[in-house]
Amino acid sequence: MIKIKNLKKTYYTPHSSIEAVSDINLKIEKGDIFGIIGFSGAGKSTLIRCLNRLEEPDSGEILIGEKDISSMNDKQLRQARRKIGMIFQQFNLFDSKTVFENVAFPLKIAGFRSDQIENRVREILQLVDLSDKMQAYPLQLSGGQKQRVGIARALANDPDVLLSDEATSALDPQTTYSILELLKNINKKLGLTIILITHELDVLNTICNHMAVIENGKIVETGTVEKFFSNPESNTAQRFIHILQGFQKKRIFQGGEGI
Ligand SMILES: Nc1ncnc2c1ncn2[C@@H]1O[C@H](COP(=O)(O)OP(=O)(O)O)[C@@H](O)[C@H]1O
Ligand SMILES: [Mg+2]
């Protein structure tokens, strides 16, 4: 179980301040695929980056299982982060390292022996179906392949949680589905908890079980994904559904078959 209690984060600029995360409380069950959806600027990235303290919260508690992330010192945090994988929209790979070296990187940092690293990297590249690209460089890969490397790297240390910040937003729809399928399989196979930030309804619909809606730094609605589509309560959820319905109508009007 992951618990977020009274989490707050304000950014200060010379002339103003913005409460990007404003008193957020959430509970996420172990093994769940949990979607956090909101429009641009709602505070999604700030929230997810607070979970591994890439962004330092002002106050609040973050509990991952028994571990209290919020109160850890630097050394404890470095250890804990090994068990929190993260993937990004822009993949964040090292362009000058091969696929093998990218995935090996967190294992080297963790101090594994080179034979252990070799075995683990091979195993994990097989899981993401990239065994044949081991010696390729990121620039030689497609967007989908790059994200598979990102996923492999995030999984290298056998994490308890995977955080995904818009990981499919830079990908075309077909590649998006293949990445979402991969995440679904990993969730099933490894029992990994996945927290997924998105502004895409399709992502929520395709793999998430539970969701929270974020609006102006606040959680305004939580529940199952079915509920989001059948009974959207918050302004944000209703706007998302409204945009979807408008899109469907337009398609029918234009002689398409709807989506
Ligand atoms: N480093 C920063 N400094 C100042 N303001 C920021 C910073 N990062 C984000 N913000 C602001 O905080 C709000 C939430 O941003 P963000 O968490 O990136 O939203 P989202 O990921 O939902 O698009 C936005 O208004 C954004 O402009
Ligand atoms: Mg963002």
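The following is a conversation about a predicted model.

Biologist: Why is N52 called buried?

Modeller: N52 has a relative accessible area of 5%. Buried means under 20%, so N52 is buried. N52 is found in the loop between α1 (44–51) and β4 (59–64).

Biologist: Which residues does N52 touch?

Modeller: Leaving out residues up to four places away in sequence, N52 touches L77, R81, I84, M86 and L163.

Biologist: What makes the pair E56 and R53 a salt bridge?

Modeller: The closest N and O atoms of E56 and R53 are 2.9 Å apart. The cut-off is within 4 Å, so the pair counts as a salt bridge.

Biologist: Are these two residues, E56 and R53, buried or partly exposed?

Modeller: R53 has 10% relative accessibility and therefore counts as buried, being under 20%. E56, with a relative accessible area of 40%, is partly exposed, because that class lies between 20% and 50%.

Biologist: How do you know that E181 and K184 form a salt bridge?

Modeller: Their N to O distance is 3.9 Å. The limit is within 4 Å, so the contact qualifies. Both residues lie in helix α6 (residues 173–190), three residues apart, about one turn of the helix. E181 is partly exposed at 38%, and K184 is partly exposed at 28%.

Biologist: Why are E118 and R122 separated by about one helical turn?

Modeller: Because E118 and R122 are four residues apart in helix α4 (residues 114–127). E118 and R122 also form a salt bridge, with the closest N and O atoms 2.9 Å apart. The structure holds eleven salt bridges.

Biologist: What is the nearest side chain of opposite charge to D32?

Modeller: That side chain is K184, 12 Å away.

Biologist: Which side chains make polar contacts with the side chain of D32?

Modeller: One is the side chain of N209, at 2.9 Å. Another is the side chain of H210, at 2.8 Å. Polar contacts are within 3.5 Å, so both distances meet that limit. D32 is found in the loop between β2 (17–28) and β3 (33–37).

Biologist: Why is F94 called partly exposed?

Modeller: F94 has a relative accessible area of 32%. That lies between the limits of 20% and 50%, so F94 is partly exposed. With F105 and I109, F94 forms a nonpolar patch on the surface, with about 260 Å² of accessible area together.

Note on methods: Residues numbered from 1 in each chain as written. Chains lettered and ligands numbered in written order. Predicted model: local features only at pLDDT ≥ 70, side-chain atom pairs only at ≥ 80, totals over all residues. Heavy atoms only, no water. Helix = DSSP H or I, 4+ residues; strand = E, 2+ residues; numbered from the N terminus. Buried < 20%, exposed > 50% of the residue type's maximum accessible area, 1.4 Å probe, protein only. Contact = heavy atoms within 4.5 Å. Patch = residues over 30% accessible without salt bridge, like charges linked within 9 Å, V, L, I, M, F, W, Y side chains within 5 Å. Areas by Shrake-Rupley, 256 points an atom, 1.4 Å probe, with all protein chains shown as cover. Lys, Arg positive; Asp, Glu negative; His and termini not counted. Polar contact = N/O pair within 3.5 Å; in protein donor to acceptor, adjacent residues only side chain to side chain.
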